[in-house]
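Subject: Structure handover

Hello,

Here is the structure for you to look through. My notes follow below it.

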Amino acid sequence: MQREYMEFDVVIVGAGPAGLSAACRLKQKAVEAGQELSVCVVEKGSEVGAHILSGAVFEPRALNELFPDWQALGAPLNTPVKRDDIYLLKSDAAATKIPDFAVPKTMHNEGNYIISLGNLCRWLAQQAENLGVEIYPGFAAQQALIDEQGVVRGIVTGDLGVDHEGKPKDGLYTPGMELRAKYTLFAEGCRGHIGKQLIKQYRLDANADAQHYGIGIKELWEIDPARHEQGLVVHTAGWPLNDENPGGSFLYHLENNQVVVGLIVDLSYSNPHLSPFDEFQRYKHHPVIRQYLEGGKRISYGARAICKGGLNSLPKMVFPGGALIGCDAGTLNFAKIKGSHTAMKSGMLAAEAIVEALAVGREGGDELHNYVKAFEDSWLYDELYRSRNFGAAMHKFGAILGGAFNFVDQNLFGGKIPLTLHDNKPDHACLKPAAQSPKIDYPKPDGKLSFDKLSSVFLSNTNHEEDQPCHLQLIDPNIPLARNLPLYDEPAQRYCPAGVYEIVTQESGEKKFQINAQNCVHCKTCDIKDPAQNITWMTPEGTGGPTYPNM
Amino acid sequence: MAILVIAEHNNAALAAATLNTVAAAAQIGGDVHVLVAGSGCAAVAEAAAKVAGVAKVLVADNAAFAHQLPENLAPLIVELARNGYSHVLAPATTNGKNYLPRVAALLDVEQISEIVKVVSADTFQRPIYAGNAIATVQSSAAVKVITVRSTGFDPVAAEGGSAAIEAVGAACDAGVSSFVGEELAKSERPELTAAKVVISGGRGMQNGDNFALLYAVADKLGAAVGASRAAVDAGFVPNDLQVGQTGKIVAPQLYIAVGISGAIQHLAGMKDSKVIVAINKDEEAPIFQVADYGLVADLFEAVPELTAQLG
Amino acid sequence: MKVLVAVKRVVDYNVKVRVKADNSGVDLANVKMAMNPFCEIAVEEAVRLKEKGIASEVVVVSVGANAAQEQLRTALALGADRAVLVESNDELGSLAIAKLLKAVVDKEQPQLVITGKQAIDSDNNQTGQMLAALTGFAQGTFASKIEIADGKANVTREIDGGLQTVALKLPAIVTTDLRLNEPRYASLPNIMKAKKKPLDVLTPEALGVSTASTVKTLKVEAPATRQAGIKVKSVAELVEKLKNEAKVI
């Protein structure tokens, strides 16, 4: 079909740290080079920050480079990290505090800040707009615009006003638009749905290890001022997870008597009965955690998958006409559990490469080899190289031995131990059959520290227009009941942190796989973990999804 | 000083919401006068005179007030209010909400909308943000103009008083508006958000056909039928029946939740109901934590029995 | 015919608000804001009147902080021609807003003013009626249908238990109810075009309007949580309780 179109020099998909840093850098460099440069950012959330969810302890290295005067510009970095406490939780009650000297260096946070990444993105968006970037929240990039030569020429935004059968709604149908660009940057975050297609189409992962993921579930709490210690960072490993089903937790003391608390569960977990959501709920009852939360009030809830494969899993980041940046590529540093500064840096490097390319008269549509080169020469590459073994070691050797390896690698070799560990088994292939896995009896939520899924989703302010095509597509609609249910007791019921997937027993006794797409918090876990790789996460109508404040 | 309550009526009968409004006036303290403005509304005035606690009934019987058009009614109330009333109260019905702000503006005061509690003669509580917060507000106005949410106040007795009836008000047709017609859905089911009784079904209904059980009860009670999102998502009923966070917000006198677990998304749409009844076979269902009356039972037995007992 | 539409910037309807710990109000820090849904319906109705050739110009006005320009831009993207912001950082009451709107009405001389029936934050449901009182215009509140003909607006109103139709002499004020229409989406090209449409900024001082209020908010609290009541043993007991104890049937 013939669509309306607009032309820009650069189109960026996603207003997260990578996309917004790229946008700012493009404009800064264009001014330096005396070039006119049009930059457009589309964002599927209803506003910038609405879909941003991160811990977050933030390392300001990339921000220092992007806006050296960020303090004067009022960047929301208000809470410097004061202390790092790390605990190994041995059971639901016991814990050992890890002495400082035994902690891998990458887990030290002097000079870093506890922030809301959503608020940092809101601020970055203001800076970008001040620099002349056009940002359009509420518009989802539905697909890449790829020409007959296989060159990415921009994106197509999603149609609005389409009913659940895919038919245009009377008086409401608003067709999507082509946003054409010389170069298109994809900054959708972890498991971006276009990024996934591009990686497949251009075989960008041909020389990379399988990507690895975690699901991070996070809550924001307002706690008793007497229990609050602004600047305190707490990390835990161990209970309620284990080597077969690994992960770790965080609890950060922000300003205003608020803390964020979260659990990251490795999506390589093997027990299909495991429910990351319920693990997180029970984890909050551990004395180490409840000492802070007791008497407090939960304010917000959300979840998001993270890419943690690091350098070994990093795909080729360029293709004709564009590049993947940030977590869409997978630049998170798992040894530090930080991806914001790395995402920002990758966006800035791509932006610099684009301005450079346009300055020498390139007309777009080609590969940004100079981005790859600049990446390899940057501190970002060095950092990721040093951390390349961290996740694989934990996965291969478990928390204790893997932790020891990481201590030796990070503290004695500075990450340059002369061997590289590979972990090539994709997360979706890690589940064991339900029959061979112990059932897990999760405690009932108490309504004070722990809660059920639906009241949690309630706090994510999630909504989708009700009458629209289901954005969670099954390649084969029979697989959930015919295969996943008998084999794995359909794990989607449990790995989804928003209660989107249910097995409903009907009056006749027949079972039905129900998808409550309206609840979806856009974490992408289903797309990653479904053992049959049968679920495709598509963008719903723009503005749909969570509306996170301060996350 | 006295308090003026504007009666809600249809020229034939006094509407029950007036009794809740008189109750709010009684809590403020002072003589309660009731204004019956209408056309051919003598019976209403007589009914108002019998309401417990009413000291005086003012009747403005004139064709200009037949449909209580705000353009005509507001000047009448303003004139009365200026002559010695400390408060003017009206029920927060669509009618009261229509004319009373017009009165407030003409008196150069803010209206205090939909109070649910009287703290003192000048301080009131009212829900804001769709009931997600309760504001305590204080008015410095010479005449306090207030609409009253009926679920916040138990009605006074309709009988027992013997107030004097006094005619007031000259004809006052502002000449800018006129009544064209009215379609009252008398025989049909009331609109969900306006219904005094709502009966809703959840996923426990099993399918759309079983909603017929609820319609049978609704017919007996003059109730509207609603549904939880789970029932809508399961395809039992269309989305316009949905009560809850992403559906309609209702606050009826009686809300009957049938086969609804009571997720917070649903509670957000009905928690301000005056009386909540839950019928569910799962005694652990969260709906019982908010229900005034809970019945742990198989709905397929209990609901037909309820229909039968309602005669 | 010129149509004036008043819109308000409010917290997005998807956002669950939270009362601040000090009970001074609700916490709106970094919370998504949007155009009040009823106001969006008002804009849509005005734009439809223009598309039908009944309205010649749609002017949209908001009273509030500078950030309300965002919502005015949205209204422009939906099809309004021109915008006016009466800028004030104070928390204004409905009466003050009605007075400011009256000043704008005096300047603009519209034949029809459309507002939302209420804002989803303060839930007052009074600004439109107050504006009608101050201008002396007729009012058609809670409209589910508007027809303009022969210098009159026939407005169908949603009332308790049904619908009422009134004829209003123009100029008149109409406030919108949910079923009046379903607002369109602002398309990307229209959002881009809206950036170039005129937007004037005025102040209460310049309009010569006092914004004093007769109401002050003493505190804002979370609503009391409902307590579980009793379990009845039978349908008969339930009916008996509803009749004699709760007195609701």
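The contact between chains A and B takes 10 residues from chain A and 10 residues from chain B. On the chain A side, helix α11 (residues 453–458) gives the largest share, three residues. By class, that side of chain A divides into three nonpolar, five polar and two charged residues. Please keep in mind that this is a predicted model.

Next, the contact between chains C and B. Here 64 residues come from chain C and 69 residues from chain B. Several elements of chain C give two or more residues to the side that touches chain B. Among them are the helices α3 (94–108), α4 (127–135) and α7 (235–244). The strands include β7 (138–149), β8 (152–159) and β12 (215–221). The largest share of this side, eight residues, comes from β9(C). By class, the side of chain C that touches chain B has 34 nonpolar, 18 polar and 12 charged residues.

There is strand pairing between these two chains as well. Strand β8 (residues 133–139) of chain B pairs with β12(C) in the antiparallel sense, over six bridges. Which residue of β12(C) is the bridge partner of I134(B)? That partner is E221(C).

Now chain B on its own. Chain B has eight helices and 16 strands. Its radius of gyration is 21 Å, close to the 19 Å that the globule rule gives for 311 residues, so chain B is as compact as a globular protein of that length. Along the principal axes, the C-alpha atoms of chain B fill a box of roughly 60 × 40 × 40 Å. Of the 311 residues in chain B, 61% are buried. Take the contacts in chain B between residues at least 6 apart in sequence: 65% of them join residues at least 24 apart.

Chain B is divided into two domains, domain 1 (2–167) and domain 2 (192–309). The centres of domain 1 and domain 2 of chain B, taken over C-alpha atoms, are separated by 32 Å.

On to the nonpolar cores. The largest has 213 residues. The residues with the most contacts inside this core are A22(A), A350(A), I354(A) and V277(B). Helix α7 (residues 340–359) of chain A supplies the largest share of this core, 11 residues. What does A350(A) touch, not counting residues up to four places away in sequence? A350(A) touches A22(A), L185(A), A323(A), I325(A), L368(A) and Y371(A). A second, separate core has 146 residues. This second core includes L76(B), Y85(B), F153(B) and A75(C).

One more residue to look at is P546(A). P546(A) is found in the segment after β22 (535–537) of chain A. Is P546(A) buried or exposed? P546(A) has 30 other C-beta atoms within 10 Å, so P546(A) is buried. Leaving aside neighbours within four places in sequence, P546(A) is in contact with A50(A), H51(A), G302(A), S460(A), N461(A), T462(A), V521(A) and H522(A). By contrast, D84(A) is 462 residues from P546(A) in sequence and 31 Å from P546(A) in space, C-alpha to C-alpha.

Best wishes

Notes:
Residues numbered from 1 in each chain as written. Chains lettered and ligands numbered in written order. Predicted model: local features only at pLDDT ≥ 70, side-chain atom pairs only at ≥ 80, totals over all residues. Core = buried A, V, L, I, M, F, W, Y, C linked by C-beta atoms within 7 Å. Buried ≥ 20, exposed ≤ 12 C-beta atoms within 10 Å, placed from the backbone. Helix = DSSP H or I, 4+ residues; strand = E, 2+ residues; numbered from the N terminus. Contact = placed C-beta atoms within 7 Å. Nonpolar A, V, L, I, M, F, W, Y, C, P; charged D, E, K, R; others polar. Pairing = 2+ DSSP bridges. Rg over C-alpha atoms; globule rule 2.2 N^0.38 Å. Domains from an automatic or database assignment.
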